[in-house]
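Colleague: Can you walk me through this one? I have a few quick things to ask.

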Amino acid sequence: MMTAKRLVLFFICFLFPTVTSALTSEQQAVLREIEKNIVSSPQMLGTFSQTKRLPQLPRPLVSSGILAISEELGLSWRIENPIESHRIFKLDDADSGNRVNSNIVGNHVADPLLKIISGDFSELDQTFTVGPQIAEEQWRINLIPKQEAFRKVIESIEVVGDKKIRKIVLAEANMAITEIDIMNLHSVEANNSQLLSEFSEDNQK
């Protein structure tokens, strides 16, 4: 059963597991430094702005909404503008990270997002080729899917942050680029009314 420390610690865990992987010792050291610097919590709320650029369209598609992360409940992604939609990704769904899903926020974002927030970098290495970097106070992790079927949908995922996750960039196989800016990500209590509302499946659209 997933415990609290295991989910935030399902992104950048203070109980960082021993890594037995293809990562070099230098990459492992960089990931541990990122882990040490990220401020995380079992429950978090924030907002996001998403910009998708398609080669066949002259203007980008822009949307915005609310992001909620819970070690008990998973990831809630609610678009408020321009068209309302709401998806909830359970921990069991995120654990099955090898599945390919055409939804831009589906497992492509939910799985690495939850694992990076909880510090579960060894799990990331099973699904992605992981390239971590730190420059001054900012870090970035570049993720390239190992499975060919996954690469037919997503070529790479880049996560950028400092004390918090700030940006996610997805490069799709169809040459579309999606940039997600995460703002105001902050800790909340487990009984926070907005948090519980975000994970209400009755609100999914």
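This is a predicted model: local features need pLDDT of at least 70, side-chain atom pairs count only at pLDDT 80 or more; totals for chains, interfaces and linings use all residues.

Colleague: How many helices and strands does the protein chain have?

Modeller: There are seven helices and nine strands in the protein chain.

Colleague: And what share of the residues counts as buried?

Modeller: 48% of the 205 residues in the protein chain. The accessible surface is about 10,100 Å², and carbon and sulfur atoms account for 49% of that.

Colleague: Now the strands. How does strand 2 run against strand 3?

Modeller: Antiparallel, with seven bridges between strand 2, residues 61-70, and strand 3, residues 74-81. A hairpin of three residues links strand 2 to strand 3. Within this pair, Leu67 sits opposite Trp77 of strand 3.

Colleague: What about strand 3 and strand 4, how many bridges there?

Modeller: Five, and the pairing is antiparallel. Strand 4 covers residues 85-89. Three residues lie between strand 3 and strand 4 in their hairpin.

Colleague: Which residue of strand 4 is opposite Leu75?

Modeller: Phe89.

Colleague: Is Ile141 buried or exposed, and why?

Modeller: Ile141 counts as buried because its relative accessible area is 0%, and the cut-off for buried is under 20%.

Colleague: How far is Ile141 from Val30?

Modeller: In sequence, 111 residues; in space, 9.8 Å from C-alpha to C-alpha. On the scale of the protein chain, 53% of the contacts between residues at least 6 apart in sequence join residues at least 24 apart.

Definitions and conventions
Residues are numbered from 1 along each chain as its sequence is written. Side-chain values use heavy atoms; hydrogens and water are left out. Two strands pair if DSSP finds at least two bridges between them. Helices (H or I, at least four residues) and strands (E, at least two) are DSSP runs, numbered from the N terminus. Buried means under 20% relative accessible area, exposed over 50%, partly exposed in between (1.4 Å probe, protein chains only). Contact means heavy atoms within 4.5 Å. Accessible areas come from the Shrake-Rupley method with a 1.4 Å probe; for residues, only the protein chains shown count as cover.
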